[in-house]
Amino acid sequence: MTTHIKTCPICETQVETKVEAAPDWYHNDSGILLRIYCNEICRDYLIAATPDKSGKVWVEKSTQTLLNLLNDERRGFFSRAVRGLRDNNCWLIVDYSEIHTLLRDRQFAIRAATQFGLKNVKIEHTRAGFDAENRVFFLFAGQHQQQRFTLRVHEVGADFNGIHSTLFWQMSLSQKANLLVPEPLSDSNDAFILPVSVPGRSEQRYCTLYRYIEGKDAQAIGNLTPAMVANFGEFVSKMHQHAAAFQPPTWFTRPYHPREIEGIPKVPENYGIIHREIENSVNVLFQGERAGAIDFQECWWGYYVVEIAGLLESQESFVANHQAAFLEGYQRIRQLPENFEEIRKMLRK
Ligand SMILES: [Zn+2]
């Protein structure tokens, strides 16, 4: 099959293209796609495609129709979103649904920024940690767009108390434990979770705003020094220490890790709020050598040893290659249980 597409369907510059079969994780896995080599602007990406009767391949019709309707501003936003994802090794197959939901969520983000009192805002899709249900945006505000924030548009039907609990935990880590985590911000009425509506849509979405943390995530850095990994160990240990002393308010509600460990009582010293997705390198942040974490969205109750073992064992985790440095850093603050190696073996099963 051949194609006559010679320009990028998003930014309309001259490109090379190739017809490809859809990967098996795509919802239409028997479909065909076009790979667009828009190296300078949108990078190389995949877009939904269909053949005509003569076998020539075109951009799938509803996708093309939606792209045709975009003004320059939206088109530019979408192009930068695709490039950002590709530069972070995330795949997104451009089709009607992806364009539609991303631009819809951007509408919520624009309204939310106004409700939070931000002026002169420019909005970009986040590059890392792609979660299409709970979309995160970067905001640039102020006269010279020098103030930076991140904003989360929570999924439809998200539980208010669940979000509130996550924010409370993050605030506590940031303000009481003085750790490098995104600090939640409020509007002028001290509200941290704003219900946001957009014209023409019946659903409300909760939106939350955070101070942006300067730094680079562990995946982007790639080659971490043992000193940095040790500092990350210390950071995790401080989170656990803070969790051990944490007294949740009565309304506080987070899910429970299903893992039970025989012989370890569920007391604050062993069991508390853990990050849950910290093995993922894009959630670990460094400011120089100082370690921190982002994306506490999924935090839950669990054993600290489960989080430590997860970091040491997980294939995705950079800690697996620097175990001694991590454990040295961890033990600057808290001691591991005496039978940690036994517990670790047991958790592998
Ligand atoms: Zn392009």
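Visitor: Which residue of β9 stands opposite Val-136?

Guide: Arg-152 stands opposite Val-136. A word of caution first: this model is predicted.

Visitor: What makes β8 and β9 paired strands?

Guide: Two strands pair if at least two bridges are found between them. Strand β8 and strand β9 (residues 147-153) are joined by 7 bridges. They therefore count as a pair. The two run antiparallel.

Visitor: What lies between β8 and β9?

Guide: There are 5 residues between them, and the two strands form a hairpin. Look at Gly-142 in the turn: its phi is positive, about 95°.

Visitor: How do you know that β7 pairs with β8?

Guide: Use the cut-off of at least two bridges again. Strand β7 (residues 122-125) and strand β8 (residues 135-141) share 4 bridges, so they pair. The sense is antiparallel. In one of these bridges, Lys-122 has Phe-140 of β8 as its partner.

Visitor: What makes β13 and β15 a pair?

Guide: The cut-off is at least two bridges. β13 and strand β15 (residues 284-287) have 2, so they qualify. Asp-217, for one, is bridged to Leu-285 in β15.

Visitor: How do you know that β15 pairs with β16?

Guide: They have 4 bridges, and at least two are needed, so they pair. The sense is antiparallel. Gln-287 has Arg-290 of β16 as its bridge partner. The two strands form a hairpin with 2 residues between them. Gly-288 sits in that turn with a positive phi of about 65°.

Visitor: Which residues make the contact of α2 with α3?

Guide: From α2 come Arg-74, Phe-77, Phe-78 and Ala-81. From α3 come Ile-99, Leu-102, Leu-103 and Arg-106. By class, that gives 6 nonpolar, no polar and 2 charged residues. Arg counts as charged, so Arg-74 and Arg-106 are the charged ones here.

Visitor: What is the angle between α1 and α3?

Guide: Helix α1 (residues 61-69) packs against α3 at about 35°, with the axes 8 Å apart. Ser-62, Thr-63, Leu-66 and Leu-67 of α1 meet Tyr-96, Ile-99 and His-100 of α3. This contact has 4 nonpolar, 3 polar and no charged residues.

Visitor: What makes α7 and α9 roughly perpendicular?

Guide: Helix α7 (residues 304-313) and helix α9 (residues 340-348) cross at roughly 70°. The range for that name is 65 to 115 degrees. They are therefore roughly perpendicular to each other. Their axes come within 10 Å. The contact uses Val-305, Val-306, Ala-309 and Glu-313 of α7. On the α9 side are Phe-340, Ile-343, Arg-344, Leu-347 and Arg-348. By class, the contact has 6 nonpolar, no polar and 3 charged residues.

Visitor: Where do the domains run in the protein chain?

Guide: The domain assignment gives domain 1 (2-94), domain 2 (99-211) and domain 3 (216-348).

Visitor: How many residues of domain 2 are in contact with domain 3?

Guide: 17 residues of domain 2 are in contact with 24 residues of domain 3. The side of domain 2 that touches domain 3 has 9 nonpolar, 8 polar and no charged residues. The centres of these two domains, taken over C-alpha atoms, are 25 Å apart.

Conventions:
Residues numbered from 1 in each chain as written. Predicted model: local features only at pLDDT ≥ 70, side-chain atom pairs only at ≥ 80, totals over all residues. Contact = placed C-beta atoms within 7 Å. Domains from an automatic or database assignment. Axes fitted to C-alpha atoms, helices over the stretch in contact; angles between N-to-C directions. Parallel < 35°, antiparallel > 145°, perpendicular 65-115°, else oblique.
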